[in-house]
Amino acid sequence: MSRYETVIGLEVHAELLTESKLFCGCSTEFGAEPNTHCCPVCLGLPGVLPVLNRKALDYAIKAALALNAEIASYSKFDRKNYFYPDLPKAYQISQYDLPLAKKGWLELKVDGQPRRIGITRIHLEEEAGKSVHSGESIIGSEFSLEDYNRVGIPLIEIVSEPDLRSPAEAHQYLERLKAVLQYAGVSDCKMEEGSLRCDANISLRPVGQAEFGVKVEIKNMNSFRAVLRALEYEVARQTELLDSGTAIVQETRAWDEGRGITVSMRGKEEAHDYRYFPEPDLPPVVIDREWVERLRSELPELPGPRADRFVSQYGLPAYDADLLTSSRRLADWFEAAVQEYHDAKAVSNWVMGDLLRLLKAEEKELDELPLTPGHLGEMLKLIDDGTISGKIAKTVFEEMFHTGKRAADVVKEKGLVQISDEAELARIVETVIAANPKSVADFRGGKEAALGYLVGQVMKETRGRANPGLVNQLLRDRLSRQ
Ligand SMILES: [Zn+2]
């Protein structure tokens, strides 16, 4: 047991899925030629005025509702001033003292128990551009280039309370937050494309102490895995410092993925360094209850309630329900398959097992597959009526996954029909018994496991097509005779 308690808070930025930018009509499309989606407004040229994108506001409100937050009836935009080449206006339009939403929460499962993580605030702001350095990093580069396509894309910043107590909890928080935002249809949360980013604040304090320790901010984590590794590293680093009696310095540190360590970037800036002041070019945002309720009614069933329903309606274990509802697409696919086949647990096993395994191995998304929930339902019926064994079904499933052929056609084409002919199987059983005298003797001597080996040999002889139940029975009958 550590003598210290870990305290973590996360700041997540998620790009909203609008087609145009937050304050102008430029496209938000990812991957376009550099500096082709820019205009005088997002470049901050003199004499232009921003106009708020109503859709972005809708999405931000939906995200806040999905995170159980209170929507402010009155909020406003502010200028956050800093000089950096990726920010052509030299200020970012953000929200400071009157954010769009406050006091939300997200529920985690820790040791099987629900645990709520508080969300302090959710606000709307604009994205900065992207610097591309000529070398590996800014240090040592001869020059840098700026791509302003991203400037002005709408972002929501979601700030959690310092309620997370371990790197693993922080990781789970991100997974769940991503699922909620995807379900709500407001962000695609692709960390690899930069549409979801996360900074962390982490401190340690002696177990039992109420007061927080000195916190360190961690940046530059480019995947959920990087967040986990960076926080684990930081727990170890701060523990060592505290154990040796060294004070923790309040600072910002960058995660170095290659070296697997955090390195000091700069002292922590205070809010006044940004010289926030109200944005004079935008009116305040006034949101009435009717508007909020309309957006609330558009939200789908969210992952937490949906997982609870999967347990009560389909009798699934909580583990299955959590995994299946971790993405809306996967949960929809599962429910469509259950419409085709009565046994939800059997469907769940195939989805969590072979389907997810193949998706991962082939690096595919569910909606790219020719395989449909109907394919799985038909295949499961073929197992039930004895046409194929569960083992052969794996081969059939893989073929369906790749080609989109129906189960019955795969079985016919590949000659995979199960052998349930007693006479034919009895003949193979005789061959296997003759070839494995030792296992036969072991089984007769009381070693039950030897039977499994013999069944396996029959399956091998028939290339997996033998009806396993029948083989089992035939072997037992045969071996009980002398
Ligand atoms: Zn623009």
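## A stacked tyrosine pair

Tyr 276 has a relative accessible area of 23% and is therefore partly exposed, where buried means under 20% relative accessible area, exposed over 50% and partly exposed in between, with a 1.4 Å probe and protein chains only. The model is predicted, so that local features need pLDDT of at least 70 and side-chain atom pairs count only at pLDDT 80 or more, while totals for chains, interfaces and linings use all residues. Residues are numbered from 1 along each chain as its sequence is written, and side-chain values use heavy atoms, with hydrogens and water left out.

Eight aromatic pairs are found in a search of the whole structure; rings of Phe, Tyr and Trp (its six-membered ring) pair if their centres lie within 6.5 Å, and planes under 30 degrees apart count as stacked, over 60 as edge-to-face and the rest as tilted. One of these pairs joins Tyr 96 and Tyr 276, which are stacked because their ring centres are 3.9 Å apart and their planes meet at 10°. This pair links distant parts of the chain, 180 residues apart, with Tyr 96 in the loop between strand S5 (91-94) and strand S6 (101-110), and Tyr 276 in the loop between strand S14 (261-267) and strand S15 (277-278); helices (H or I, at least four residues) and strands (E, at least two) are DSSP runs numbered from the N terminus. Tyr 96 is also partly exposed, at 34% relative accessibility, and ring pairs link Tyr 82, Tyr 96, Tyr 274 and Tyr 276 into a cluster.

## A tilted phenylalanine pair

Phe 310 and Phe 334 have ring centres 5.2 Å apart and planes at 45°, so this pair counts as tilted. Because Phe 310 lies in helix H6 (residues 303-314) and Phe 334 in helix H8 (residues 328-340), the pair ties together parts that are 24 residues apart in sequence. Phe 310 is buried, with a relative accessible area of 0%, and Phe 334 is buried at 0% relative accessibility.

## Charges over tryptophan rings

Arg 54 lies over the face of Trp 291, at 4.4 Å from the ring centre, and Lys 394 lies over the face of Trp 350, at 5.7 Å from the ring centre. A charge sits over a ring if NZ of Lys or CZ of Arg is within 6 Å of the ring centre and within 35 degrees of the ring normal.

## Cysteines

The structure holds zero disulfides, a disulfide being a pair of cysteine sulfur atoms within 2.5 Å. Cys 189 is in no disulfide, and the nearest cysteine sulfur, that of Cys 198, is 12 Å away. Cys 189 is buried at 2% relative accessibility, and Cys 24 is buried at 13%.
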